[in-house]
Amino acid sequence: DIYGFCFYQQKEDGKSYVFINGKNGRLQQFELIGTEEGKIDVQKVREVLFDSQVEGMVVDDLYESLYVGEEGEGIWKLSAAANGGRDKRLISMSGEENKAISYDIEGLAIYKKGKGGYLLASSQGNFSYAVFDRIGENKYFGSFVIKDSDRLDGVEETDGIEASPV
């Protein structure tokens, strides 16, 4: 079963890709290829396996990084490049060591602010949002909750998120 997907355009050659993941922990990367009939064909270029269910994903095109939320582990960072291999790194403070995050990690989004910005992750277990640095080692900055008020509707049970600096 497909559980998450995201798109990516490689800077080096302008080729377009889609990442698809499943409940079985399998992540696949496909190149999108235009046909003469004006349709889109796909060709699998890479597969990466995770130990448990993966969900939200997002690509930072500028830094060519793919972020993948694994339900029982945290947020993984790996190269988005088609030839990026299978190496992955668990982002510090995105797993069980962070008491502000309660499983499971669902949606991921990049909030762009010039060459900087943030990686945002929704934590469905406690209806919170974790904020990480977009660049480098993805330092954890903290978490926040959007609660009900007279002027604002609270947010609970998020599956996916998106962020915009506009």
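1. Which residues does Leu 49 touch, not counting residues up to four places away in sequence? Leu 49, whose place is in strand 4, touches Gly 25, Arg 26 and Lys 88 under that exclusion, contact being taken as heavy atoms within 4.5 Å. Leu 49 also lies 8.3 Å from Arg 86, C-alpha to C-alpha, although 37 residues separate the two in sequence.

2. A word on the basis of these remarks: the model is predicted, with local features requiring pLDDT of at least 70 and side-chain atom pairs counting only at pLDDT 80 or more, whereas totals for chains, interfaces and linings use all residues. Residues are numbered from 1 along each chain as its sequence is written, and side-chain values use heavy atoms, with hydrogens and water left out.

3. Strand 1 (2–9) and strand 2 (16–22) run antiparallel and are joined by 7 bridges; strands here are DSSP runs of E with at least two residues, numbered from the N terminus, and two of them pair if DSSP finds at least two bridges between them. In this pairing Phe 5 stands opposite Ile 20 in strand 2. The two strands form a hairpin with 6 residues between them, and Gly 14 in the turn has a positive phi of about 75°.

4. The next hairpin is made by strand 3 and strand 4, with 5 residues between them and with Gly 38 in the turn at a positive phi of about 80°. Strand 3 (residues 26–34) and strand 4 (residues 40–49) are antiparallel and joined by 9 bridges, and Gln 28 faces Glu 47 of strand 4 across the pairing, standing opposite it.

5. Lys 23 is found in the loop between strand 2 and strand 3, where its relative accessible area of 40% makes it partly exposed, on a scale that calls a residue buried under 20%, exposed over 50% and partly exposed in between (1.4 Å probe, protein chains only). Leaving out residues up to four places away in sequence, Lys 23 touches Asp 1, Tyr 3 and Gln 53.

6. An open sheet of 4 strands, in the order 5-6-7-8, has antiparallel pairing. Strand 5 (54–60) and strand 8 (89–90) stand at its edges with a single partner strand each, so one side of each is left without a neighbour in the sheet. Strand 7 (residues 74–79) and strand 8 pair over 2 bridges in the antiparallel sense, and Lys 77 stands opposite Arg 89 in strand 8.

7. The largest nonpolar core has 16 residues, among which Phe 19, Leu 27, Phe 50, Leu 66 and Val 68 touch the most other members; such a core is a set of buried Ala, Val, Leu, Ile, Met, Phe, Trp, Tyr and Cys residues joined through side-chain atoms within 4.5 Å. At least two residues of this core come from each of strand 1, strand 2, strand 5, strand 6 (65–70) and strand 7, and strand 5 gives the most, with 3 residues. Neighbours within four places in sequence aside, the contacts of Phe 19 include Phe 5, Leu 27, Met 57, Val 59 and Leu 66. A second, separate core of 13 residues includes Val 58, Leu 108, Ile 110 and Ala 121.

8. The largest pocket has a volume of about 380 Å³. Its lining consists of 22 residues, of which Cys 6, Met 57, Val 58, Leu 108 and Ile 161 lie nearest its centre. Strand 1, strand 5 and strand 9 (105–113) are the elements that give two or more residues to this lining. On a 1 Å grid over the protein atoms alone, a pocket is an open set of points where a 1.4 Å probe fits, with protein on both sides within 12 Å along at least five of seven lines, and lining residues have an atom within 4 Å of a point; the volume is the space filled by probe spheres set on the points, which are joined across faces, edges and corners.

9. Phe 127 has a positive phi of about 55°, sits in the loop between strand 10 (116–123) and strand 11 (128–133), and is partly exposed at 28% relative accessible area. Asn 138, with a positive phi near 60°, is found in the loop between strand 11 and strand 12 (140–145) and counts as buried at 1% relative accessibility.
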